[in-house]
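Here are my notes on this model, point by point. Please read them with the structure open.

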Amino acid sequence: MTSKYTRAIAGRLVARLPDLPKPWDIETLCRDIAEARGRPLTVHAVRLRGLPSGLWYDDGTHDRIIHRASATGYYRDHIILHEICHLLAGHGTARRDMARVCNSIEEEIAETFASMVLKAAGQLPPPDLSATERRAEELLGAFRA
């Protein structure tokens, strides 16, 4: 379960976001974040078997978020927001490696952040989760309204 510490950090990061688009649109939010930061943010859908759900990296001039092309709707938005959290928090930047390697606390913060943003935007996960997906939600700190 998500700790008070994790929720507090995620909440501070959520507060750093520009106003959430109405109606909800992840592409608009990404554009607004890029504009606020004065740095391009590009999202790429890719079909790679070895890819985790998503990945954020700084290529030196752009922030780039990669997500599995098979992820759609709520889940795609959750993955992108998870990576936006890493970007905003600067997770992995001290290591100066192209692809960040995060510890479990950073991952819990990012999962909590993504869920908080989607809840604030009025987006709820589809009700038809499998038992495995529900357990993954519990383990990774995601929550429902």
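1. Start with helix H3 (residues 73-89) and helix H4 (residues 104-120). This is a predicted model. In it, the axes of H3 and H4 come within 8 Å and cross at roughly 125°. H3 is therefore oblique to H4. The crossing of this pair is right-handed.

2. Which residues make the contact of H3 and H4? On the H3 side they are Tyr-74, Asp-77, His-78, Leu-81, His-82, Ile-84, Cys-85, His-86 and Leu-88. H4 brings Glu-106, Glu-107, Ile-109, Ala-110, Glu-111, Phe-113, Ala-114, Ser-115, Val-117 and Leu-118. Sorted by class, the contact of H3 with H4 has 11 nonpolar, four polar and four charged residues.

3. H4 also packs against H1. The axes of H1 and H4 come within 8 Å, and the crossing angle is roughly 55°. That makes H1 oblique to H4. The crossing of H1 and H4 is right-handed.

4. Now the residues of that second contact. H1 uses Tyr-5, Thr-6, Arg-7, Ile-9, Ala-10, Gly-11, Leu-13 and Val-14. They meet Ile-105, Glu-108, Ile-109, Thr-112, Phe-113, Met-116 and Val-117 of H4. By class, the contact of H1 with H4 has 10 nonpolar, three polar and two charged residues. Note that Phe-113 of H4 is listed in the contact with H3 and in the contact with H1.

5. Look next at the largest nonpolar core. It holds 27 residues, and Leu-81, Ile-84 and Phe-113 touch the most other members. Helix H1 (4-15), helix H2 (26-37), H3 and H4 each supply at least two residues of this core.

6. What does Leu-81 touch, leaving aside residues up to four places away in sequence? The partners are Trp-24, Ile-26, Leu-29, Phe-113, Ala-114, Val-117 and Leu-118. Among them, Phe-113, Ala-114, Val-117 and Leu-118 are also listed on the H4 side of the contact with H3.

7. Glu-83 sits in helix H3. Its relative accessibility is 3%, so Glu-83 counts as buried.

8. From C-alpha to C-alpha, His-86 and Trp-56 are 7.3 Å apart in space, although they are 30 residues apart in sequence. His-86 is listed in the contact with H4 as well.

9. Check the peptide bond from Lys-22 to Pro-23. Is this bond cis or trans? The bond is cis, with omega near 0°. Most peptide bonds are trans. Pro-23 lies in the loop between H1 and H2.

10. Last, the overall layout. The protein has five helices and three strands. From the N terminus on, the order of elements is α-α-β-β-β-α-α-α. Of the 145 residues, 42% count as buried. Take the contacts between residues at least 6 apart in sequence: 56% of them join residues at least 24 apart.

Terms used. Residues numbered from 1 in each chain as written. Predicted model: local features only at pLDDT ≥ 70, side-chain atom pairs only at ≥ 80, totals over all residues. Heavy atoms only, no water. Axes fitted to C-alpha atoms, helices over the stretch in contact; angles between N-to-C directions. Helix = DSSP H or I, 4+ residues; strand = E, 2+ residues; numbered from the N terminus. Parallel < 35°, antiparallel > 145°, perpendicular 65-115°, else oblique. Left-handed = near helix turned anticlockwise from the far one by under 90°. Contact = heavy atoms within 4.5 Å. Nonpolar A, V, L, I, M, F, W, Y, C, P; charged D, E, K, R; others polar. Core = buried A, V, L, I, M, F, W, Y, C linked by side-chain atoms within 4.5 Å. Buried < 20%, exposed > 50% of the residue type's maximum accessible area, 1.4 Å probe, protein only.
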